Amino acid sequence: MSRIGNSPIAIPDGVTVEVKDSVVTIKGKLGELSQEFSEVEVKVEDGSVSVERPSDAKEHRAKHGLYRALLANMVKGVSQGWSKELELVGVGYRASNQGQKLDLALGFSHNIILDIAPEVKVETVSEKGKNPIVKLTSHDKQLVGQVAAKIRSFRKPEPYKGKGIKFVGEQLRRKAGKSA
C-alpha cells in the first residue's frame with residue numbers, strides 16, 4: 001500500500017491547479033509547470049489535490065506514489081522554489097557567471113563555459129579563503145537537479161583529497177593514501 005500516494009497535497013495561497021484531459025497544470029507566483037499522467041485519477045477538491053488509483057495492479061501502485069510525489073514537487077516549486085548549491089574544492093578552481101553563462105576553471109587547459117537554461121537562476125559566490133559556491137535556483141526541481149548534475153559531471157570529487165565539484169553538505173567516502 002502506497003503511503004505517499006494516499007496523502008493529499010495541500011494547495012497554498014496563490015497557487016492554482018487545473019486538471020484537463022490527462023494533463024495537470026500548476027500555476028504560482030514563481031512560474032507555471034505541467035505534467036502528463038496516466039493510469040491514475042487526479043482530483044482537486046477544497047484546497048487539496050489527491051491522486052487515486054483504479055486498482056491494486058502493480059503498474060497502478062507504482063504510478064500512484066510517483067505522480068503524487070511529482071505533483072507535490074511542482075506545488076512546492078511554484079510557491080517556494082527549489083535550489084541546489086555546488087562547492088568547488090581544489091586549488092585554483094574558480095567559478096564566475098555573466099548572466100546565464102557559467103564560467104568554470106577546473107584545472108583543465110581551458111575554462112568550461114556552460115549556457116544555463118533561462119528558467120534556472122545561477123549565482124556564484126567567491127569569498128577569500130573559502131571554496132567558490134555555485135547556487136542554482138528555479139521553480140522546476142527536475143531542471144535544477146539536471147543542471148547541477150551536469151556541472152558536477154565536469155569534475156566529480158575524487159576519494160583521496162576530495163578535490164572536485166560536490167554538493168554543499170554532501171558526505172564523501174574518503175580513502176587512505178599509500179601506506180609507508
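A: Buried means under 20% relative accessible area, exposed means over 50%, and partly exposed lies in between. The model is predicted. Arg53 has 17% relative accessibility, so Arg53 counts as buried. Its side chain meets that of Asp56 in a salt bridge, 3.0 Å from N to O. Asp56 is exposed, at 55%.

The structure holds 8 salt bridges. Another one pairs Asp115 with Lys101, with the closest N and O atoms 2.7 Å apart. Asp115 sits in strand β10 (residues 112-115) and Lys101 in strand β9 (residues 101-105), so this pair ties together parts 14 residues apart in sequence. Asp115 is exposed, with a relative accessible area of 55%. Lys101 is partly exposed, at 40%.

Glu170 and Arg152 also join their side chains in a salt bridge, 2.7 Å from N to O. Glu170 lies in the segment after β13 (164-167), and Arg152 belongs to helix α3 (residues 141-153), so the bridge ties together parts 18 residues apart in sequence. Glu170 is partly exposed, with a relative accessible area of 23%. Arg152 is buried, at 17%.

Now the domain boundary. The chain divides into domain 1 (9-80) and domain 2 (82-167). Between these domains the count is 0 salt bridges. There is 1 residue pair in polar contact, both at pLDDT 80 or more. On the side of domain 1 that touches domain 2, α2 gives the most, with 5 residues. That side divides into 4 nonpolar, 3 polar and 2 charged residues.

Notes. Residues numbered from 1 in each chain as written. Predicted model: local features only at pLDDT ≥ 70, side-chain atom pairs only at ≥ 80, totals over all residues. Heavy atoms only, no water. Domains from an automatic or database assignment. Salt bridge = Lys/Arg side-chain N within 4 Å of Asp/Glu carboxyl O. Polar contact = N/O pair within 3.5 Å; in protein donor to acceptor, adjacent residues only side chain to side chain. Helix = DSSP H or I, 4+ residues; strand = E, 2+ residues; numbered from the N terminus. Nonpolar A, V, L, I, M, F, W, Y, C, P; charged D, E, K, R; others polar. Buried < 20%, exposed > 50% of the residue type's maximum accessible area, 1.4 Å probe, protein only.
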